[in-house]
Amino acid sequence: NIPKVQKVAVVPKAGGTIEIKNDWPVTQQKDLKPGECLIKMEASGCCHTDLHAALDDWPLKAKTPLIGGHEGVGTIVAIGDHTDNSPVKLGERVGIKWLADSCLNCEDCRKGREQNCDHAKLSGFTVDGTFAEYVVSFVRHVTPIPEGFDSNAAASILCAGVTVYRAIKYSRTEQGDFIVIPGAGGGLGHLAVQYARARGLRVIAIDTGDHKKKLVQSLGAETWIDFKESKDIVADVKKATGGKGAHSAVVTSASSGGYTQALEYLRAGATLMAVGLPGEATLNASIFFTVFRSISIIGSYVGNRQDAREALELAARGVVKVHFETRDLKELKNTYDGMSNGKVAGRIVFDLTK
Ligand code: 8ID
Ligand code: ZN
């Protein structure tokens, strides 16, 4: 009993405004290709990437019309005929992440960088995403959700969580090291604070406003720097780290601002993990000092199937918690406005069961 039509949020053309449609067709069982599955959605988080896609402010172009959304949880209600060796079953609760599918056979996939696969399909970007009641996804890449873990709470682990989990995993930090998180009060950032704490790192959180300050302090940030109030962010980080600077920065701000001082407040041997994705900015690094101070600059892009499972496992055990507010999908436009103005602390999650 899969309905013929559904409610979705759609962007009809590049940079256009969002429309809520109640009569969007639902893909039926007979129309699923081998390897595809149909998921009845329960919840979807709203990532700043969805806003970049809707605004068309990236050098990559999304499909149109576009149903955005790429961190969602739901139940498999149909699987395409002739799907061999499916790792998931009908009735199973799974997550949809940004990386909807990859070939699993190329060098990138074999090396575990599935996100760099030339045949990658991207949820809410090159294929329709999770701002819908029913989504077509791919059995090989959906992620089983640990039993008993609330769907609304799990949703944002599928993008925000996995992304910062992986960035911190590869940040070459050790227990007791200092890590700076610009954008700490946002969706990715507030989870980065917690994954960093879980690894025994000392967190210096950079963002703005009292609400975000309280949030990140409650999550275990040791130092707070308000980027709108600080007179000298580099000096503030140096002071918090006993004069030497931090061992790593995981930059999760959606604008280039969060990157500006990062190379200056890092100590020798440190690692800059580039995560936030402003569309046009460049990173201005001195070649001389990058070499002389042995600085690593690493681009970190979402995560593979294993990263997703690891990030979810920690969250299901309560080691990290998504701080979220649930809304109706009709609120998508308001949510984007709030994000643009920096007013969203943590995440907004859409309840898709209503
Ligand atoms: O795979 C990836 N690398 C990946 C995955 C998912 C998302 C990258 N992203 C990108 C998004 O496309 C976006 O560019 O990460 C960025 C952050 O996504 P988000 O966490 O979903 O956005 P948000 O909730 O709006 O949080 C951003 C925070 O940055 C702060 C804002 O106040 C907000 O709390 N911020 C800004 I804008 N400028 C800042 C600055 N100069 C800053 N914080 C510190 N310093
Ligand atoms: Zn995302």
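Please keep in mind that the model is predicted. Ligand 1 has 34 residues around it, and its shell draws on both domain 1 and domain 2, with at least three residues from each.

**Around ligand 1**
- His-48, Gly-183, Gly-186, Ser-253 and Gly-257 are the residues that come nearest to ligand 1.
- Domain 1 is made of two segments, 5-159 + 303-351, while domain 2 covers 162-299.

**Strand S13 and its partners**
- Strand S13 spans residues 246-251, and six of its six residues are buried, so the rest of the structure largely encloses this strand.
- On the S10 side, strand S10 (residues 178-182) pairs with S13 in the parallel sense over two bridges.
- Strand S14 (residues 266-274) also pairs with S13 in the parallel sense, over five bridges.
- Ser-248 of S13 is handy to follow here: Ser-248 is the bridge partner of Ile-179, and Thr-271 in S14 is the bridge partner of Ser-248.

**Database annotation**
- An unreviewed UniProt entry lists residues 22-350 as "domain: Enoyl reductase (ER)".
- In this model, residues 22-350 are 28% helix and 24% strand, and the end C-alpha atoms of the span lie 16 Å apart.

Note on methods. Residues are numbered from 1 along each chain as its sequence is written. Chains are lettered from A and ligands numbered from 1 in the order in which they are written. This is a predicted model: local features need pLDDT of at least 70, side-chain atom pairs count only at pLDDT 80 or more; totals for chains, interfaces and linings use all residues. A residue is near a molecule or strand if its C-beta atom, placed from the backbone, lies within 6 Å of it. Domain bounds come from an automatic or database domain assignment. A residue is buried if 20 or more other C-beta atoms lie within 10 Å of its own, exposed if 12 or fewer, and partly exposed in between; C-beta atoms are placed from the backbone. Helices (H or I, at least four residues) and strands (E, at least two) are DSSP runs, numbered from the N terminus. Two strands pair if DSSP finds at least two bridges between them. UniProt positions are given in the numbering used here, feature names are shortened, and annotations may be inferred rather than shown by experiment.
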